[in-house]
Amino acid sequence: MATKCGNCGPGYSTPLEAMKGPREEIVYLPCIYRNTGTEAPDYLATVDVDPKSPQYCQVIEPKDIHAKCELAFLHTSHCLASGEVMISSLGDVKGNGKGGFVLLDGETFEVKGTWERPGGAAPLGYDFWYQPRHNVMISTEWAAPNVLRDGFNPADVEAGLYGSHLYVWDWQRHEIVQTLSLKDGLIPLEIRFLHNPDAAQGFVGCALSSTIQRFYKNEGGTWSVEKVIQVPPKKVKGWLLPEMPGLITDILLSLDDRFLYFSNWLHGDLRQYDISDPQRPRLTGQLFLGGSIVKGGPVQVLEDQELKSQPEPLVVKGKRVAGGPQMIQLSLDGKRLYITTSLYSAWDKQFYPDLIREGSVMLQVDVDTVKGGLNLNPNFLVDFGKEPLGPALAHELRYPGGDCSSDIWI
């Protein structure tokens, strides 16, 4: 495989061609030891997901990814047509908010500078997606690292320290041309344009408000946003607040732009929506994979607009799963979802302390791509609590040749 970013992967000409690609055999996951009590560097785990392999569901090649640099709080990376790598930032080296973008050389990975113009960073940052055919990039925001790094404090919400905007950038001029305020849109995290490179719309998941917002281009060239999904909060007892949000922490779209998936990390459910009509998503699948409201836990649900009873705890291959569904990745053909359960170590420690003691897990869900629907694979479990150096927190999932949440067609 070539090492230059622009030449990596099989190079499918369209998203629909990518759906015809071979089944995934390995998955890469960054694994974290920070705040777990284990003095060890973070590492990159390679997991075997080939059912025909004798090492199926095993970590087969951990690699040390610890490195010193002066860059601060980096998050999303995308390859550019130039061969460069672009990475979003949440803040500066002092932990203050700064939504800028770092450019790396695609061959040497040396820092080349920032993508935005000098002094042109957004106030806050997190994720981004670009669509060159419409000369646009849109970025999201979480909070300044100093606000979120030690856990969630409700007072910071009241103080207006969490993000609620999307930033629309001119792709060629590298500057912000519009700021979209989100109604019911606190903490917009993961953003996805439709995969069709001609499409001028997409979706963003707003974690704390637990909404999915659709953004779209107007006839005059400006952009607008509207709420299309609302996950209602649950009135609870025995939790941090009297109402518990779903906390949508990850979303993705199937390569044919038919289904949208997202995870409610606190409520504990994974959802599938048919987005054939993007303005009116239709729920077609829902599956509970742990979470904070399971029976027998410390939280009692007093009022629930969706469920008649609290879900059962999740047990897979004899292990009770701690945490809730968080990062998700879909197979190219859209038939398998992979899920991990850790969000961010400080927040894991606050909301799911068992994750710190036991480590996170990786699960796999089978997807009905005809009628819609989700079913847990009971024979798949990767337990990062059994890592040689101690329990680890596995995060996002990536395939070697590209996937639904990193590939952009130009």
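User: Which residues does histidine 134 touch, leaving out those up to four places away in sequence?
Analyst: Histidine 134 touches Pro197, Asp198, Ala199, Ala200 and Lys217. Contact here means heavy atoms within 4.5 Å.

User: What kind of model is this?
Analyst: This is a predicted model, where local features need pLDDT of at least 70, side-chain atom pairs count only at pLDDT 80 or more, and totals for chains, interfaces and linings use all residues. Residues are numbered from 1 along each chain as its sequence is written, and side-chain values use heavy atoms, with hydrogens and water left out.

User: Back to histidine 134. Where is it found?
Analyst: Histidine 134 lies in the loop between strand 8 (128-131) and strand 9 (136-139). Strands (E, at least two residues) and helices (H or I, at least four) are DSSP runs, numbered from the N terminus.

User: Which backbone oxygens does its side chain reach?
Analyst: The histidine 134 side chain reaches the backbone oxygen of aspartate 198 at 2.7 Å, and that of alanine 199 at 3.5 Å.

User: How many helices and strands are there in the protein?
Analyst: The protein has 5 helices and 30 strands. Its radius of gyration is 20 Å, close to the 22 Å that the globule rule gives for 410 residues, so the protein is as compact as a globular protein of that length. That radius is taken over C-alpha atoms, and the rule is 2.2 Å times the number of residues to the power 0.38.

User: What share of the residues is buried?
Analyst: Buried residues make up 55% of the 410. Buried means under 20% relative accessible area, exposed over 50%, and partly exposed in between (1.4 Å probe, protein chains only).

User: Is proline 311 buried or exposed?
Analyst: Proline 311 counts as buried because its relative accessibility is 12%. The residue sits in the loop between strand 22 (300-303) and strand 23 (315-316). Not counting residues up to four places away in sequence, proline 311 touches Phe288, Ile293, Val294 and Lys295.

User: How far apart are proline 311 and phenylalanine 288?
Analyst: They are 23 residues apart in sequence and 7.1 Å apart in space, C-alpha to C-alpha.

User: Which phi does phenylalanine 109 have, positive or negative?
Analyst: Phenylalanine 109 has a positive phi of about 60°, although it is not a glycine. Most residues other than glycine have a negative phi. Phenylalanine 109 is partly exposed, at 47% relative accessible area.

User: And what about lysine 317?
Analyst: Lysine 317 is not a glycine either, and has a positive phi of about 50°. With 55% relative accessibility, lysine 317 counts as exposed.

Conventions
Polar contact = N/O pair within 3.5 Å; in protein donor to acceptor, adjacent residues only side chain to side chain.
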